[in-house]
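Subject: Structure handover and findings

Hello,

Here is the structure, with the sequence alongside. Please open both before you read on. My notes follow below.

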Amino acid sequence: MSDYQIVCLHKPSFSDTPAFYQSGFFFNEPEHLSQQGDSVYSLIVAINRQTGQSEARCAFFCESNKVISPAAAPFGSFEFIDTLLESILDQLISLLVVEAKSTGASVLQLIHYPSCYAPIQTNRLSRKLIDHDFQISRIDQCQYLPIANEPFENQIAPSERRRLRKCREAGFQFSCWSSPQPDTILTFIRNVHQQKGYLPTISYLYLRSLLRTFPDHFSIFTVRNGTDIIALTITVRVRNDILYNFLPVSDPDYNTFSPMVMLTDGLFTYCRQQGIRLLDLGVSLDTNRQPKPSLIRFKQNLGARESVKLVFDKQL
């Protein structure tokens, strides 16, 4: 008998969902999955018979003619223990394909997390998915900062160091907003988007819901000139050791100061204080989801490294 029970749980309740073996990715937790999209989800798990905990999981949703993981989050896909047997991983993928075909959908899509989150998992899963006739349909480059003991300003480009100094000399202040007001946050974000002609990548209504539902995972950081907010970001604690800089915006009237440098400096210090090892700066795409060279250069000037974020498709 296998050490694992491999099952697909349809419409699982919180009580029916086995605990994951470690602190896992927030977007794969039942609390977040339960409010993604309008449809209910199914969950494929490999449960360790001795511990009763799942050591691999993948949630998926049915949307029109597509089975997708996730429905409304930056990523879904398979999350699993590094020592999971190859044969178990094969069984999990095979079961996902069978379940996806049973829905009558024509496409199965997995949006994977950035490889820097879990390099061993990503490499193993990528090979396995290709073996199961998945195709890589999209490759995005995301940027991230490893959190080191060296001060942030020592590893950034001289031009950004000058901008950081300029912000400090102007008396700007970085802070974590302890009791944020969602409507104030969204008004600032909406105004900046309108001034810059940006289209929102997430609906403001859904964003308000996330902020109110998950205050322990979504944190707001600001740079202020006196009492005025001049830069703001919404971050997500994806895991205990990963912070995702999800939605940074800055007032265009302060472009000559580049307060986003001060904001990133503050986030870097916050991560170090909280024991966070990785600050995800996200993908650098324009409104047409094409690479944005100016944004990539800016992040590189902040000392960022690159990591791939893959999307896998399988025709059913």
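A salt bridge here is a side-chain nitrogen of Lys or Arg within 4 Å of a carboxyl oxygen of Asp or Glu. Asp241 and Arg277 form one through their side chains, at 2.8 Å, N to O.

Two points on sources. The model is predicted, so local features need pLDDT of at least 70 and side-chain atom pairs count only at pLDDT 80 or more, while totals for chains, interfaces and linings use all residues. Residues are numbered from 1 along each chain as its sequence is written, and side-chain values use heavy atoms, with hydrogens and water left out.

**Salt bridges**

By the rule above, the count comes to 13 salt bridges. Helices (H or I, at least four residues) and strands (E, at least two) are DSSP runs, numbered from the N terminus. Buried means under 20% relative accessible area, exposed means over 50%, and partly exposed lies in between (1.4 Å probe, protein chains only).

Back to the side chains of Asp241 and Arg277, which meet in a salt bridge. This pair links distant parts of the chain, 36 residues apart. Asp241 sits in the loop between strand E10 (228-239) and strand E11 (242-250). Arg277 sits in the loop between helix H7 (259-274) and E12. Asp241 counts as buried, at 15% relative accessibility. Arg277 counts as partly exposed, at 35%.

Next, the side chains of Arg57 and Glu79 meet in a salt bridge at 3.2 Å, N to O. They also link distant parts of the chain: Arg57 is in strand E3 (residues 54-63), Glu79 is in strand E5 (residues 79-80), and 22 residues separate them. Arg57 is buried, at 6% relative accessibility. Glu79 is buried too, at 1%.

Another salt bridge joins the side chains of Asp140 and Arg289, at 3.7 Å, N to O. Here the partners are 149 residues apart. Asp140 belongs to strand E7 (residues 135-146). Arg289 belongs to the loop between strand E12 (278-283) and helix H8 (293-301). Asp140 is buried, with a relative accessible area of 8%. Arg289 is partly exposed, with 45%.

There is also a network: salt bridges link Glu86, Asp90, Arg124 and Lys128.

**Strand E7 and its surroundings**

Two strands pair if DSSP finds at least two bridges between them. E7 runs antiparallel to strand E13 (residues 305-315), and nine bridges join them. Gln141 has Val308 in E13 as its bridge partner. E7 also runs antiparallel to E12, with five bridges. There, Tyr144 stands opposite Asp280 in E12.

E7 also holds Ile139. Ile139 counts as exposed, at 53% relative accessibility. With Ile130 and Ile136, Ile139 makes a nonpolar surface patch of about 260 Å². Patches are made of residues with over 30% relative accessible area and no salt bridge; like charges are joined within 9 Å, and nonpolar side chains (Val, Leu, Ile, Met, Phe, Trp, Tyr) within 5 Å. Accessible areas come from the Shrake-Rupley method with a 1.4 Å probe; for residues, only the protein chains shown count as cover.

Asp133 is in the loop between helix H3 (119-131) and E7. Asp133 is exposed, at 53% relative accessibility. Which residues does Asp133 contact, leaving aside its neighbours within four places in sequence? They are Asp313 and Lys314, where contact means heavy atoms within 4.5 Å. Asp133 and Asp313 are 180 residues apart in sequence, yet 8.8 Å apart in space, C-alpha to C-alpha.

In helix H6 (residues 204-213), the buried residues are Tyr204, Tyr206, Leu207, Leu210 and Leu211. They lie on the same side of H6 because they cover an arc of only 160° around the axis. The arc is that of the directions from the helix axis to the C-beta atoms. An α-helix has 3.6 residues a turn, so residues three or four places apart point the same way. On the other side of H6, Leu205 and Arg212 are exposed. The buried residues of H6 pack against helix H1 (30-33), helix H5 (182-196), strand E9 (218-225), E10 and E11.

Finally, Asp265 lies in helix H7. Asp265 is buried, with a relative accessible area of 13%. Beyond its neighbours within four places in sequence, Asp265 is in contact with Phe152, Leu164 and Arg168.

Best wishes
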